[in-house]
Amino acid sequence: MVENVDMEKLPRFLPSCHKEAEKLDIIFTCSGAASVGKIGHEVGVLLTNAGQDARLCCTTAVAAGSKMHLEIGQRARKVIVIDGCPMKCATKVIEKAGIKVDHSFTVTDFGIAKQPTLDISDEDILKVALQIAERTGMKLNIEQ
Ligand code: SF4
């Protein structure tokens, strides 16, 4: 028997994106190695944790040709892609895989410059996340 387990410290498991794709807004991010790529990834995390039925999924798995991840994108209720900069790498990956993109966002379009750093601010993450939630009609459960 497990004793003295702090339930608050256990990981919160996410819905299975393959089993439940039809009920989920699936989010793909470029997760690029620059400020805006990292912001885009953290926005995907925030929307996964606070958004209603939203779930970050593996963009690299789609690029690698994973059948399971292709199916997730094809069956998703909605596909939201978040790129860091105008190169739009994630959107290109998803579209080349034949997945319909419902919303494609670019972090630099929100007035945030691309910088060669991975030090980013919570304010920028929240700003982008709130605007993406508003434009996609996603309900968020966060206190402001
Ligand atoms: S979209 Fe921009 S930030 Fe993202 S992976 Fe491509 S070059 Fe990097």
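1. By class, the shell around the ligand holds 4 nonpolar, 2 polar and 3 charged residues, where Ala, Val, Leu, Ile, Met, Phe, Trp, Tyr, Cys and Pro count as nonpolar, Asp, Glu, Lys and Arg as charged, and the others, Gly among them, as polar. The residues around the ligand include Cys 30, Gly 32, Asp 83 and Lys 114, a residue being near a molecule if one of its heavy atoms lies within 4 Å of it.

2. This is a predicted model, in which local features need pLDDT of at least 70 and side-chain atom pairs count only at pLDDT 80 or more, while totals for chains, interfaces and linings use all residues. Residues are numbered from 1 along each chain as its sequence is written, and side-chain values use heavy atoms, with hydrogens and water left out.

3. The 4 strands form an open sheet in the order 2-1-3-4 with parallel pairing; strands (E, at least two residues) and helices (H or I, at least four) are DSSP runs numbered from the N terminus, and two strands pair if DSSP finds at least two bridges between them. The edge strands, strand 2 and strand 4 (103–106), each pair on one side only.

4. Strand 3 pairs with strand 4 in the parallel sense over 4 bridges, and Ile 82 stands opposite Phe 105 in strand 4.

5. Leaving aside neighbours within four places in sequence, Leu 47 is in contact (heavy atoms within 4.5 Å) with residues including Ile 27, Ile 82, Ile 132 and Leu 140.
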